[in-house]
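Subject: Structure handover

Hi,

Here is the structure for you to look over. My notes follow below it.

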Amino acid sequence: MTVHFKQDEPDNSNRLDRMKQGVLGKPLPRIEGLAKVTGTAPYAAEYPIENCTEGVLVTATITRGEVTSIDHESVLTMPGVIAVVDNEKLCTRAAQGTANEAPMQGPKQVCYWGQPIALVVAETFEQARDAAKHLKVDYREEEGAPIDPGAVEPEEQEDETVHQGDLAHAMADAAHSVDVTYTTRGHASAAMEPHAAIAQWDGDKLTVYAALQMLNYNITELADALDMEEENIRLISRFVGGGFGSKLGISEEVVAAALAAKQIGRPVRVVQSRQQVFQTVMRRSETTQRLRLAADENGKLTGFGHEALVSNLPGEDFAEPVLQSSHFLYDGENRELMLKVARIHRMTAGSVRAPGEAVGMPALEGAMDVLAEKAGLDPVELRLRNIPEKDPEEDLPFSSHKLAECLKQGAEAFGWDKGPRKPRQRREGEWWIGTGMASAARVHNIAEAKARVTLKADGTALVETDMTDIGTGTYTILAQIVGEMLGLDPERVLVELGDTRHPRGPGSGGSWGAASIGSAVYVACKAIREELAAKTGTSEEELELREGEAGTGEALTDLLEGEDLAREGHYEPGDIEDDYTASGFGAFFAEVRVNHYTGETRVDRMLGAFGFGRVLNAKTARSQCIGGITWSIGVALTEALEFDPRDGHLVNCDLAEYHVPVHRDVPDLEVVLVEERDGAASPIQAKGIGELGMCGGAAAIANAIYNACGARIYDYPMTPDRVLEAMPE
Amino acid sequence: MADTITVNGTAHPVPEDPRVSLLDFLRHHIGLTGTKKGCDHGQCGACTVIVNGIRINSCLTLAAMHDGDSVTTIEGIGTPDDPSALQRAFLEHDGFQCGYCTPGQICSATAMLEELAADWPSDASESLEGRIAISGEEIRERMSGNLCRCGAYANIVAAIEEVAAGGRS
């Protein structure tokens, strides 16, 4: 039986706080953790499938043009080679998040260097890899493909444009103003598990074990790509080795494995090489951002301008939403916001952890630091003075807003010095030492979700949904929600995820997973509670459940009388999405050392204070926060995709040349979880936390670099060469 | 007698194809998928295993080079029924998120603690001679070959520090 709940009104009843089990929010270890630390959790490529063959993708070595011939015979005589697959249905790009339709198909047309054009299948991986290298391909190259985002006329994303009041006038009249241009380089998700799929056919039924974040969308994308009915497809992603946006949509290996398995009549496994993952999946676009801030003599913003240029391939809808939080973070009645996208022939641009704010916030928060200095204000105080009462563009109330609390609690916990700030006040040997801060903001997303909860006759419970856990803690928080609602130790709750045979959730992405699927589980549990309440002669509201017993003394197992009790919860966000501006907020504080002679920056300590609604598990929520802060360090100091200016190919396409933070780059990190219940965000009063931790953190580091050594830098990442160049004598 | 590689105490024949890496041998030939492939180029550490007591990247060495060697993988370090102290500490400190780099982190840390106990110096050490003082910085330096993109480093170091402190107390 399905129970549908569409949320039109905020739920401020704090129901979950009044339940009796007392497990929600507790820092429980992950329920799937033992499988992960012992290496027994199976990821996509690791299912033992009998008679399985190995496929290796072949990628294009031109930027734009046509594949004129692929010489199958050039490899079919090699040992173990079974087939070359160059079917017209092969996908040449990954699907964008929530695309819900096939990505670009047709491997004959090449749109970027590194695009998949064929798959070679052999008995063993070594044979397939060797043959893929030897496959003879001829091209007709179309010269002159644009690859420099600055060299083409960009398209305006009109739904992002805001002209409000007169910003130029506000800038001219301002007591203090800032007009600066920041740049950020491209980023890669670089999830540790490479994209992988095993496809197996049974007649016209297809099963694919894949590394995917959003099965509900992915099954539609795959069905569309293969021209099949969804009922004939089953996707399984029980464990996903990181996503960060790169596994939102189906990638090339999923379709290639399915087509190849059909063609040869045997299961096929395709694992992209690390270099292929870098080049064929998604990059975060580079950005150029102009920030204009106008303030009166008290530091109150009167004007706010944020204009950004990003890029993508022709035919892609996605444009890095740089301005996303700029629309509502600060006051300023005179506003100019504009986003433009340049069409170029570099690899596909798409979602990488916190699309938009991950690069928009570091630029905005850098500019705010410049303004604070000009206005002679403490940067924390400048932000406190500019928190709007309501959305400054949409005339909407905020669902809940904890920026001020985050700024204050974060400053307190960090030991922020509110005294006058001047660069170069502290030096130890070769090192300048300084501090910096920044605000955090990340829009709250929520989506329709379904999950089945079964209270078993034996007093245990089962949760089933196609929702994924990509390291986010989904397994554990769902067990905690059920435990809290039904009065069970979470150890008695079995959670089955990542299988399209289960009711469909929205998947993991945009930090919407926990609030969405958690609400579906909550709705199902509430319906089960109603049944139990009827059995005990009380109301659902008054029903108390704890440790497998009702408050009236009956054991759940007695109440169930040998029958399982199952309900499918169907949660749908209604008017709450339109009636409020909802966001997670936070504040970052960092202390860095900058070497006077080498320009090297080391982060010595860093703290984040975040308000994101109800905390479902204090341990896994904190882990999401420290993960985000770690990414902030990468954005600030090391991460940059480099493209060859001649053919647009990604040059640093591996983990030796693309520098993600390593152990020694990351100090012990401190996290303050700010108490919040956001009833307009979801019925469980939770918002997302997977991305907030990297939305602005890079600016705290950038501002600390300036405070330490006096180098004001407008280009991320702030590599030693850039620091040295900007360092005063 | 055929050439063999001993993995977690069990002898297996060396594969015929000389191109097979030790990593692919473990994952494809003997079904020990606990060891992960993250980059296949020795850049990420996800494939770290312990060969004759020394941690190595199993993607950077060919199976054929390990005739007679003794390999310990994550499956040999502990099991769900009997996890090692490090495995328990990773669980308690949430030293992982997606879990994909985790077997490599744990294998690496297991051997690293032996290196510390044997006073092998590192870039973070005060001196090349004498006892090595265990510190967060020593651990970070020695674990920097094991990438974690989820960003669990702070928790991983806390887990290792706990076990390291126990070992020396």
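Domain bounds here come from an automatic or database domain assignment. On that basis chain B is divided into domain 1 (4–77) and domain 2 (85–168). Their centres, taken over C-alpha atoms, are 21 Å apart.

Some ground rules. This is a predicted model: local features need pLDDT of at least 70, side-chain atom pairs count only at pLDDT 80 or more, and totals for chains, interfaces and linings use all residues. Residues are numbered from 1 along each chain as its sequence is written, while chains are lettered from A and ligands numbered from 1 in the order in which they are written.

Overall build of chain B. It has six helices and five strands (DSSP runs numbered from the N terminus: H or I, at least four residues, for helices; E, at least two, for strands). From the N terminus, the order is β-β-α-β-β-β-α-α-α-α-α. The C-alpha trace of chain B spans about 45 × 35 × 30 Å along its principal axes. Of its 169 residues, 54% count as buried (20 or more other C-beta atoms within 10 Å of the residue's own, with C-beta atoms placed from the backbone).

Now the domain contact in chain B. Domain 1 gives 16 residues and domain 2 gives 15 (contact: C-beta atoms, placed from the backbone, within 7 Å). On the domain 1 side, the elements giving two or more residues are strand S3 (48–51), strand S4 (54–57) and helix H2 (74–77) of chain B. S3(B) supplies the largest share, three residues.

Best regards

Notes:
Two residues are in contact if their C-beta atoms, placed from the backbone, lie within 7 Å. A residue is buried if 20 or more other C-beta atoms lie within 10 Å of its own, exposed if 12 or fewer, and partly exposed in between; C-beta atoms are placed from the backbone.
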